[in-house]
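Q: I have not looked at this one before. Could you take me through it step by step?

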Amino acid sequence: MKVQNNKAWLMVLPMLLLVAVSAIIPLMTVVNYSVQDTFGNNEFFWVGTEWFQEVLASERFHNALQRTLLFSALILAIEIPLGIAIALAMPRRGIAVSFCLVLMALPLLIPWNVVGTIWQVFGRVDIGLLGHGLASLGIDYNYTQNTLDAWATLIIMDVWHWTSLVVLLCYSGLVSIPEVYYQAARIDGASRWAIFRFIQLPKIKRVLLIAVLLRFMDSFMIYTEPFVVTGGGPGNSTTFLSIDLVQMAVGQFDLGPAAAMSLIYFLIILLLSWVFYTVMTSLDNDATSEQGRH
Amino acid sequence: MASIHLKNLGHRYSASDAGIDNPYALNPLDQVWEDGGAYALLGPSGCGKTTLLNIISGLLRPSEGRVLFDGEDVTDLSTERRNIAQVFQFPVVYDTLTVAENLAFPLRNRGMDSATIEARVSETLTMLGLERRANERARSLNADDKQKISLGRGLVRTDVRAILFDEPLTVIDPHLKWQLRTELKKIHERYGHTMIYVTHDQTEALTFADKVVVMNAGSILQVGSPKELFDRPRHTFVGTFIGSPGMNVLRCIFDGEAAVVDGVRLPLDEATIIAAHARGLAASGVSLEVGMRPESLVLVDAGASSADDPHCFNVDVIGVEDLGRHSLVRLRLGQQLLCALHPEGAEIPEAAALRFDPARTLLYESSLLVEAIG
């Protein structure tokens, strides 16, 4: 017999409170700021969608968005193939496995701002190993003055810091493939490429999806490292959305536009993650719907 | 298609195992698999069946000896160049490809032109009865259709010299096992591939193969037709492993005319007596074994008629199990246990005797059958 009462809500309540405190209330505060203006004294005026329109129309936002998109695209284009390649090349048994795994995990253990500081010092022309080394080779490298050098430094730093994550995820997928698949492939005369394309890639697709999503979201939200290394410069050349947002909110204290921009930023990440997810799982869905027909 | 000759072949997994008692996963052997034969490789788990199979297909390189296909030495050839097909215990399909693409895969890898591939694939689909599922993704199939695709990737190749099966029906539903085995048998009859079928299931082995190869502990014990293995097992292991229940094996000595089990004389047939004398077994008084199939024993009433019959001996009944059409009667002769089959419903005599057939009573020395040489 069904019991007609609302006791189930009591079970949900703790989680509801937790989510409210950790997500809903802060988010609503931001929504609150985004539709109002203030001249101090805790006096707020309703402005509707004005801040959203202003942010969306501003060239400053467009430029920052383009930089961030380009940065994420480059990060994914480099780290995903490189991560897969390293995972494929890693040993499968013996003492070398532990050695490689520890080596791969090391960069992941270093805090973001420390990574930034390491590379900030590493790249300095006067005392940094990299900067000074390049200079003594006669290469004109200076990340504080040259846009290209600044970008190259940030990208190499991120590749150094985060490719390991892709490697570890892919490696976990690769080692879970039963040996018999490789034996069957040898019987079938499959080339190295065919083995990758038809056995390894399909089997690591799920972890690869996680890797792509994580690396996209993290690189799209990157803040600490470029803040420490370049501070957004030279000029505005490495001012990504996150840096721009902090400048607007904390530097200029434009709470309204900053709140509107936060929400737009959030929605862009959500939208692009959804696109990645949908595209990468479409093959799975095809197969499932075919299965459903029988 | 080809005959396969394993010449003085042996395998050790690691050279450092040399110190231990028997370092071989596969003891040195010499074995010819005839062209077009349907062989079953039968033995308990861990006896070296899969090792032997992987050596033939080239997935494993033997530590000694040669592998010859039609007299040509292929020991150093890679798996793909040996033109072997192998079906594994768990079905292997390429998930993202369709059924037809799966079958085309080995042909594409060998650079065949698309018209030939298409013809071969559609022929193979018909052979397997998978025509209607050609354009479905392989992952959506059930285990037995997946296993058919694994087999199909071997059948689709015209150049395949032998098809090897490594316990291919393990994951197949019991009611489909029989059906798939029948289809395999049909394909063999029709196309005449050399087939080697590894299994630990005697029913599978005996129904599939013309010749059954029985292995244990890294050695081939006997090669023969299912009937030979049943009637004249040349090793006590073969006798006990094949048959359900297996052969009764009792310790005995040979007194010149009969096997003596704990004081009870079992007269043997002429050929066995001659062979035993040729080996000098009567004089030595060595410990031997006598083997009798439960199917060859008849349980009778221990009365006046059995007392005069030299081919009858008294036994104690210690238990009866119902097997359906038969009862399995557990008996004791002296200190040793044996069993016999008794028709369902027939009464078990209080004082029982067993009537045996000397022609089906075999003598073993150190587990090996005593028989005329040549």
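Q: Which residue is the bridge partner of B:Glu289 in E20(B)?
A: The partner is B:Tyr364. Please note that this is a predicted model.

Q: How many bridges are there between E14 and E20 of chain B?
A: There are four bridges between strand E14 (residues 288-292) and strand E20 (residues 361-365) of chain B, and the pairing is antiparallel.

Q: What sheet are E14 and E20 in, and what is the strand order?
A: They belong to an open sheet of six strands in chain B, ordered E13-E12-E11-E14-E20-E21, with antiparallel pairing. Its edge strands, each pairing on one side only, are E13 (264-267) and E21 (368-369) of chain B.

Q: And what is the order in the open sheet of five strands?
A: In that sheet of chain B the order is E15-E19-E16-E17-E18, and the pairing is antiparallel. Strand E15 (298-301) and strand E18 (336-343) of chain B are at the edges, where each pairs on one side only. Direction ignored, neighbouring strands of this sheet are turned by 50° against each other on average.

Q: How many bridges join E16 to E17 in chain B?
A: Strand E16 (residues 312-322) and strand E17 (residues 326-333) of chain B are joined by six bridges and run antiparallel. Within E17(B), B:Arg330 is the residue opposite B:Gly319.

Q: How many bridges do E17(B) and E18(B) share?
A: Eight bridges connect E17(B) and E18(B), in the antiparallel sense. B:Ser327 has B:His342 in E18(B) as its bridge partner.

Q: What lies between E17(B) and E18(B)?
A: Two residues lie between these strands, which form a hairpin. B:Gly334, in the turn, has a positive phi of about 60°.

Q: Stepping back, what domains is chain B divided into?
A: Chain B has domain 1 (4-232) and domain 2 (244-369). Taken over C-alpha atoms, the centres of domain 1 and domain 2 of chain B are separated by 40 Å.

Q: New topic: how many residues of chain A are in contact with chain B?
A: On chain A, 18 residues are in contact with 23 residues of chain B. Helix H8 (179-187), helix H9 (192-220) and helix H12 (255-292) of chain A are the elements that each give two or more residues to that side of chain A.

Q: Which element gives the largest share?
A: H8(A) does, with six residues on the side of chain A that touches chain B. Sorted by class, that side has 11 nonpolar, four polar and three charged residues.

Q: Elsewhere in chain A, where is A:Leu27?
A: A:Leu27 is in helix H1 (residues 7-34) of chain A. The C-alpha atoms of A:Leu27 and A:Ala259 are separated by 9.6 Å, although the two residues are 232 apart along the chain.

Q: Why does A:Leu27 count as partly exposed?
A: A:Leu27 is partly exposed because 13 other C-beta atoms lie within 10 Å. A residue would be exposed with 12 or fewer and buried with 20 or more.

Q: Last topic, confidence: what pLDDT does chain B average?
A: The average for chain B is 86, and 96% of the residues score at least 70. For the complex, the predictor gives an ipTM of 0.78 and a pTM of 0.77.

Key
Residues numbered from 1 in each chain as written. Chains lettered and ligands numbered in written order. Predicted model: local features only at pLDDT ≥ 70, side-chain atom pairs only at ≥ 80, totals over all residues. Contact = placed C-beta atoms within 7 Å. Nonpolar A, V, L, I, M, F, W, Y, C, P; charged D, E, K, R; others polar. Domains from an automatic or database assignment. Pairing = 2+ DSSP bridges. Axes fitted to C-alpha atoms, helices over the stretch in contact; angles between N-to-C directions. pLDDT = per-residue confidence, 0-100.
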